[in-house]
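Here's a quick walk through one protein chain, with an eye on what links its parts together. Take a look at the sequence and structure before reading on.

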Amino acid sequence: MAEKWRVAAVGAAVALAVLTAGCGHGDNSAHQSGSSAAVSTAEPAAPTPTETDVNDNGTPDSDPSDRDWPGKMTVVYEDATTPEAIRGRKFMEETNLLPQLADDINDTLKLPYDIPVKGEQCGEANDFWTPADKAMTMCYEDVAGNLDIFQTADFKDPRLAAFHAAVAAFYHETGHMVIDIYDLPALGREEDVADQASVYLLLRPEDDGKIDQDSVDAVRDEAFTFAALSDMNNGEVSPDELADVHSPNRTRMVNMVCWAYGADPDPLEDLVANGILPEQRAAGCDDEYQQLEHAWNTLLGPYLK
Ligand SMILES: [Zn+2]
């Protein structure tokens with residue numbers, strides 16, 4: 001089994017920065033910034049055209065391969081003061097989560113400017129891409145909440161599962177990020193498209209042509225959190241949830257495992273066997289994934305390293 005993501009205790013690079021598009025687990029309320037003892041080091045400045053961005057006739061150059069891509073993703077930890085946030089921050093630092101995510105983005109995407117991924121106390125379990133700041137926020141409360149979910153569910157390794165779920169949640173936010181920074185057309189509801197992006201980015205074959213099994217587990221574990229949240233409401237979906245920009249949790253769960261099953265059926269066969277992914281839906285998941293993959297290859301291809 002490939003081991004792309006390591007849940008290891010490694011010292012993390014630290015810097016600090018400032019902050020709103022809601023995401024994550026159903027709660028789409030406005031982002032409440034907690035303590036903002038934040039010092040900005042990253043500069044979310046708008047990209048400025050360089051000479052290579054402009055053709056001889058002065059018109060913008062639309063060919064990404066001709067542009068400069070000087071940006072990189074940087075890591076920021078903001079203060080944590082509540083017990084929940086302190087627990088989440090500790091987990092992020094102990095597992096070296098954010099530097100691993102930033103490294104993966106820096107290996108994968110051409111970035112026009114530096115983009116911080118920030119661990120932050122948000123006052124809610126959520127994660128955000130903030131277009132105005134060109135910044136990603138992973139809330140300490142979200143990883144702490146996922147730890148609770150996996151511990152309550154008696155997972156053999158709840159920390160690994162919580163780490164996986166955070167990786168997949170990060171790639172959902174990355175979906176919002178690429179739509180924004182590359183001005184990509186989103187053919188569908190953006191939240192669904194961001195879920196598609198997370199599966200696509202995680203399950204792109206490695207250099208050896210194989211799909212990283214840790215990343216399959218990331219999709220599976222993130223899907224489990226959606227199932228757990230749905231179960232908390234006994235599977236009932238309120239009118240507010242039906243009206244939300246996100247699909248209902250149960251739908252998001254089935255979507256994600258369907259697309260992952262379409263990409264690589266073997267490791268997820270048990271989900272079909274036990275009915276979590278209904279056979280009727282499973283039969284079309286290969287086609288769904290191929291369509292999704294084609295769309296993202298087309299849109300994102302010019303921006304992949
Ligand atoms: Zn979202």
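Predicted model: local features only at pLDDT ≥ 70, side-chain atom pairs only at ≥ 80, totals over all residues.

## Disulfides

Let's start with the cysteines. The chain has two disulfides, and if you number the bonded cysteines in sequence order, they pair up as 1-2, 3-4.

One of them joins Cys-122 to Cys-139, with an S to S distance of 2.1 Å. This pair ties together distant parts of the chain, 17 residues apart: Cys-122 sits in the loop between β2 (115-120) and β3 (127-130), while Cys-139 belongs to strand β4 (residues 135-139). The torsion about the S-S bond is about -90°, so the link between Cys-122 and Cys-139 is left-handed. As for solvent, Cys-122 has 0% relative accessibility and so counts as buried. Cys-139 is buried too, again at 0%.

Cys-258 and Cys-285 make another disulfide, their sulfur atoms 2.0 Å apart. Here the bond runs between helices, from Cys-258 in helix α8 (residues 249-263) to Cys-285 in helix α11 (residues 285-300), and it also links distant parts of the chain, 27 residues apart. The link of Cys-258 and Cys-285 is left-handed as well, with -120° about the S-S bond. Cys-258 is buried at a relative accessible area of 0%, and Cys-285 is likewise buried at 0%.

## Helices α3 and α6

Now for some helix packing. How do the axes of α3 and α6 cross? Helix α3 (residues 140-152) and helix α6 (residues 213-232) have axes that come within 10 Å and cross at roughly 80°. Since angles of 65 to 115 degrees count as roughly perpendicular, that makes α3 roughly perpendicular to α6.

If you want to find the contact on screen, pick out Asn-146, Ile-149 and Phe-150 on the α3 side. They meet Asp-221, Phe-224, Thr-225, Ala-228 and Met-232 in α6. Sorted by class, the contact of α3 with α6 comes to five nonpolar, two polar and one charged residues.

## Aromatic rings

There are eight aromatic pairs in the model. One of them is Trp-69 with Tyr-303, an edge-to-face pair with 5.7 Å from centre to centre and 85° between the planes. That pair reaches across 234 residues of sequence, from Trp-69 in the segment before β1 (73-77) to Tyr-303 in the segment after α11, so to speak linking distant parts of the chain. Tyr-303 has a relative accessible area of 8%, so this residue is buried.

Phe-170 and Tyr-171 also pair edge-to-face, because their ring centres are 5.1 Å apart and their planes stand at 90°. Both residues, Phe-170 and Tyr-171, are buried.

## Around Pro-248

Last stop, a proline. Pro-248 lies in the loop between α7 (239-243) and α8. Is Pro-248 buried or exposed? Its relative accessible area is 18%, and buried means under 20%, so Pro-248 counts as buried.

What does Pro-248 touch, not counting residues up to four places away in sequence? Its contacts are Val-237 and Leu-242. Ala-227 is 21 residues from Pro-248 in sequence, and the two are 10.0 Å apart in space, C-alpha to C-alpha.

Key
Residues numbered from 1 in each chain as written. Heavy atoms only, no water. Disulfide = S-S within 2.5 Å. Helix = DSSP H or I, 4+ residues; strand = E, 2+ residues; numbered from the N terminus. Buried < 20%, exposed > 50% of the residue type's maximum accessible area, 1.4 Å probe, protein only. Axes fitted to C-alpha atoms, helices over the stretch in contact; angles between N-to-C directions. Parallel < 35°, antiparallel > 145°, perpendicular 65-115°, else oblique. Contact = heavy atoms within 4.5 Å. Nonpolar A, V, L, I, M, F, W, Y, C, P; charged D, E, K, R; others polar. Phe/Tyr/Trp six-rings, centres within 6.5 Å; stacked < 30°, edge-to-face > 60°.
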